Amino acid sequence: LKVCISGGSAIKESAFTLMNALGYTIFNGYGMTEIGITSADIAVKPKKKSYDSIGAPFPSSEYSISERGTLLIKGGTVCKKMIIDGVAEENSGWFDSGDLARADEKGRYFILGRESDLVFSDNGENLNPNLCEEAYDLPHAVNFSVVGDEKNERLVLVAEVPNDLTDTQKEELIAAINA
(Lines give C-alpha, C1' and ligand atoms only; values in the text may rest on other atoms or scores of the structure.)
Protein backbone atom coordinates (compact mmCIF):
# COMPACT_ATOMS: atom_id res chain seq x y z
CA LEU A 1 0.00 0.00 0.00
CA LYS A 2 1.61 3.26 -1.14
CA VAL A 3 -1.01 5.94 -0.49
CA CYS A 4 -4.64 6.40 0.58
CA ILE A 5 -6.90 9.24 -0.50
CA SER A 6 -10.01 9.89 1.54
CA GLY A 7 -12.96 11.38 -0.29
CA GLY A 8 -16.73 11.47 -0.34
CA SER A 9 -17.05 13.17 3.01
CA ALA A 10 -14.91 14.92 5.57
CA ILE A 11 -12.31 12.82 7.34
CA LYS A 12 -12.09 13.07 11.11
CA GLU A 13 -8.84 14.55 12.36
CA SER A 14 -8.33 11.57 14.67
CA ALA A 15 -8.63 9.12 11.74
CA PHE A 16 -6.24 11.21 9.64
CA THR A 17 -3.69 11.38 12.47
CA LEU A 18 -3.98 7.67 13.29
CA MET A 19 -3.55 6.47 9.70
CA ASN A 20 -0.49 8.67 9.17
CA ALA A 21 0.96 7.66 12.56
CA LEU A 22 0.59 3.99 11.58
CA GLY A 23 2.68 4.70 8.50
CA TYR A 24 -0.13 4.72 5.93
CA THR A 25 0.16 7.93 3.95
CA ILE A 26 -3.35 9.35 3.69
CA PHE A 27 -4.42 12.48 1.88
CA ASN A 28 -7.73 14.29 1.84
CA GLY A 29 -9.16 14.40 -1.68
CA TYR A 30 -12.15 15.91 -3.43
CA GLY A 31 -14.42 14.66 -6.17
CA MET A 32 -17.99 13.96 -7.13
CA THR A 33 -19.73 11.65 -9.58
CA GLU A 34 -20.36 14.67 -11.84
CA ILE A 35 -16.74 15.88 -11.88
CA GLY A 36 -14.44 12.94 -11.09
CA ILE A 37 -11.53 13.46 -8.70
CA THR A 38 -10.27 17.02 -9.07
CA SER A 39 -7.90 17.58 -6.12
CA ALA A 40 -6.11 16.13 -3.13
CA ASP A 41 -3.99 17.76 -0.45
CA ILE A 42 -0.76 15.98 -1.35
CA ALA A 43 1.73 17.75 0.91
CA VAL A 44 4.75 15.47 1.31
CA LYS A 45 5.90 16.67 4.72
CA PRO A 46 3.66 15.38 7.54
CA LYS A 47 3.66 18.74 9.34
CA LYS A 48 2.37 20.44 6.19
CA LYS A 49 -0.55 18.01 5.73
CA SER A 50 -3.94 19.36 6.61
CA TYR A 51 -6.69 16.91 7.42
CA ASP A 52 -9.36 19.43 6.41
CA SER A 53 -7.84 20.72 3.16
CA ILE A 54 -8.78 19.24 -0.21
CA GLY A 55 -5.64 20.85 -1.67
CA ALA A 56 -5.34 22.80 -4.88
CA PRO A 57 -7.08 21.65 -8.06
CA PHE A 58 -5.18 19.22 -10.29
CA PRO A 59 -3.77 20.80 -13.49
CA SER A 60 -6.77 19.44 -15.43
CA SER A 61 -9.22 21.41 -13.25
CA GLU A 62 -9.91 24.93 -12.02
CA TYR A 63 -11.66 26.04 -8.84
CA SER A 64 -13.45 29.25 -8.01
CA ILE A 65 -15.75 30.35 -5.20
CA SER A 66 -19.23 31.60 -6.19
CA GLU A 67 -20.87 34.70 -4.71
CA ARG A 68 -22.86 32.31 -2.47
CA GLY A 69 -19.62 30.75 -1.20
CA THR A 70 -19.97 27.47 -3.08
CA LEU A 71 -17.14 25.68 -4.86
CA LEU A 72 -17.24 25.97 -8.65
CA ILE A 73 -15.28 23.46 -10.73
CA LYS A 74 -14.22 23.64 -14.36
CA GLY A 75 -12.23 21.06 -16.29
CA GLY A 76 -12.07 18.19 -18.71
CA THR A 77 -13.61 15.68 -16.31
CA VAL A 78 -16.70 17.77 -15.49
CA CYS A 79 -19.91 16.32 -16.93
CA LYS A 80 -21.24 18.05 -20.04
CA LYS A 81 -24.93 17.33 -19.42
CA MET A 82 -27.09 16.36 -16.47
CA ILE A 83 -30.65 15.13 -16.40
CA ILE A 84 -32.52 16.91 -13.62
CA ASP A 85 -36.18 16.01 -13.04
CA GLY A 86 -36.26 14.40 -16.49
CA VAL A 87 -34.87 17.48 -18.27
CA ALA A 88 -31.41 17.49 -19.86
CA GLU A 89 -29.39 20.53 -18.81
CA GLU A 90 -26.15 21.61 -20.47
CA ASN A 91 -23.18 22.46 -18.26
CA SER A 92 -22.15 26.07 -18.94
CA GLY A 93 -18.51 25.33 -18.10
CA TRP A 94 -18.47 25.86 -14.34
CA PHE A 95 -20.10 23.16 -12.23
CA ASP A 96 -21.56 24.38 -8.94
CA SER A 97 -20.83 21.66 -6.39
CA GLY A 98 -23.16 23.03 -3.71
CA ASP A 99 -20.28 22.64 -1.24
CA LEU A 100 -19.44 25.71 0.82
CA ALA A 101 -15.73 26.38 0.49
CA ARG A 102 -12.91 28.79 1.17
CA ALA A 103 -9.38 29.12 -0.16
CA ASP A 104 -6.26 30.09 1.77
CA GLU A 105 -3.31 32.23 0.69
CA LYS A 106 -1.46 29.10 -0.52
CA GLY A 107 -4.21 28.19 -3.00
CA ARG A 108 -5.50 25.27 -0.92
CA TYR A 109 -9.26 24.82 -0.67
CA PHE A 110 -11.32 23.80 2.36
CA ILE A 111 -14.87 22.41 2.38
CA LEU A 112 -17.01 24.02 5.08
CA GLY A 113 -20.21 22.05 4.57
CA ARG A 114 -23.12 21.81 2.15
CA GLU A 115 -25.15 24.84 1.12
CA SER A 116 -28.31 22.72 1.42
CA ASP A 117 -27.48 22.07 5.10
CA LEU A 118 -27.51 25.76 6.05
CA VAL A 119 -30.04 26.79 8.66
CA PHE A 120 -31.75 30.16 8.24
CA SER A 121 -32.34 31.68 11.67
CA ASP A 122 -35.03 34.20 12.63
CA ASN A 123 -32.56 37.07 12.37
CA GLY A 124 -31.64 36.08 8.80
CA GLU A 125 -28.24 34.66 9.70
CA ASN A 126 -27.11 31.56 7.80
CA LEU A 127 -25.91 28.97 10.31
CA ASN A 128 -23.60 26.19 9.17
CA PRO A 129 -24.17 22.99 11.21
CA ASN A 130 -20.68 21.68 10.35
CA LEU A 131 -18.94 24.76 11.75
CA CYS A 132 -21.16 24.71 14.84
CA GLU A 133 -20.38 21.03 15.38
CA GLU A 134 -16.63 21.73 15.22
CA ALA A 135 -17.02 24.34 17.97
CA TYR A 136 -18.38 21.78 20.44
CA ASP A 137 -16.18 19.76 22.75
CA LEU A 138 -18.64 17.61 24.64
CA PRO A 139 -17.32 15.66 27.60
CA HIS A 140 -18.87 12.23 28.10
CA ALA A 141 -20.66 12.19 24.72
CA VAL A 142 -19.93 9.06 22.70
CA ASN A 143 -20.96 10.74 19.43
CA PHE A 144 -22.81 13.88 18.51
CA SER A 145 -24.02 15.80 15.48
CA VAL A 146 -25.49 19.22 14.77
CA VAL A 147 -28.26 19.33 12.16
CA GLY A 148 -31.08 21.60 11.07
CA ASP A 149 -34.63 21.00 12.29
CA GLU A 150 -37.39 19.86 9.91
CA LYS A 151 -37.90 23.39 8.54
CA ASN A 152 -34.17 24.30 8.59
CA GLU A 153 -34.93 27.21 10.93
CA ARG A 154 -33.03 26.09 14.05
CA LEU A 155 -29.97 24.07 14.88
CA VAL A 156 -30.47 20.82 16.77
CA LEU A 157 -27.77 18.98 18.71
CA VAL A 158 -28.13 15.20 18.85
CA ALA A 159 -25.82 13.46 21.31
CA GLU A 160 -25.28 9.80 22.12
CA VAL A 161 -24.34 9.23 25.75
CA PRO A 162 -23.24 6.04 27.53
CA ASN A 163 -25.83 4.09 29.51
CA ASP A 164 -23.80 4.46 32.70
CA LEU A 165 -23.60 8.27 32.60
CA THR A 166 -23.52 9.59 36.17
CA ASP A 167 -25.50 12.62 37.33
CA THR A 168 -22.25 14.59 37.65
CA GLN A 169 -21.21 13.68 34.10
CA LYS A 170 -24.68 14.60 32.84
CA GLU A 171 -24.39 18.04 34.50
CA GLU A 172 -20.94 18.54 32.95
CA LEU A 173 -22.29 17.60 29.52
CA ILE A 174 -25.27 19.96 29.85
CA ALA A 175 -22.96 22.77 31.01
CA ALA A 176 -20.72 22.23 27.94
CA ILE A 177 -23.72 22.29 25.62
CA ASN A 178 -25.05 25.50 27.19
CA ALA A 179 -21.61 27.12 27.06
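Predicted model: local features only at pLDDT ≥ 70, side-chain atom pairs only at ≥ 80, totals over all residues.

Mentor: Residues are numbered from 1 along each chain as its sequence is written, and side-chain values use heavy atoms, with hydrogens and water left out.

Trainee: In what order do the strands of the five-stranded open sheet stand?

Mentor: Strands are DSSP runs of E with at least two residues, numbered from the N terminus. Two of them pair if DSSP finds at least two bridges between them. In this sheet the pairing is antiparallel, and the order is β4-β10-β9-β6-β5.

Trainee: Why is one side of β4 and of β5 left without a neighbour in the sheet?

Mentor: β4 (53-55) and β5 (61-65) stand at the edges of the sheet. One side of each lacks a neighbour because each has a single partner strand.

Trainee: Which residue of β9 is the bridge partner of Ile-73?

Mentor: β6 (residues 70-75) and β9 (residues 95-103) run antiparallel and are joined by three bridges. The bridge partner of Ile-73 in β9 is Phe-95.

Trainee: Which strands stand at the edges of the three-stranded sheet?

Mentor: This open sheet has mixed pairing and the order β1-β2-β3. Each edge strand has a single partner, so one side of it is left without a neighbour; these strands are β1 (4-6) and β3 (36-40).

Trainee: How many residues lie between β2 and β3 in their hairpin?

Mentor: β2 and β3 pair in the antiparallel sense over four bridges. Gly-29, for instance, has Ala-40 in β3 as its bridge partner, and Tyr-30 has Ser-39. The number of residues between the two strands of the hairpin is three.

Trainee: How many of the seven residues of β2 are buried?

Mentor: Buried means under 20% relative accessible area, exposed over 50%, and partly exposed in between, with a 1.4 Å probe and protein chains only. β2 is largely enclosed by the rest of the structure, because the number of its seven residues that are buried is five.

Trainee: Is Tyr-24 buried, partly exposed or exposed?

Mentor: Tyr-24 lies in the loop between α1 (13-21) and β2 (26-32); a helix here is a DSSP run of H or I with at least four residues. Because its relative accessibility is 37%, Tyr-24 counts as partly exposed.
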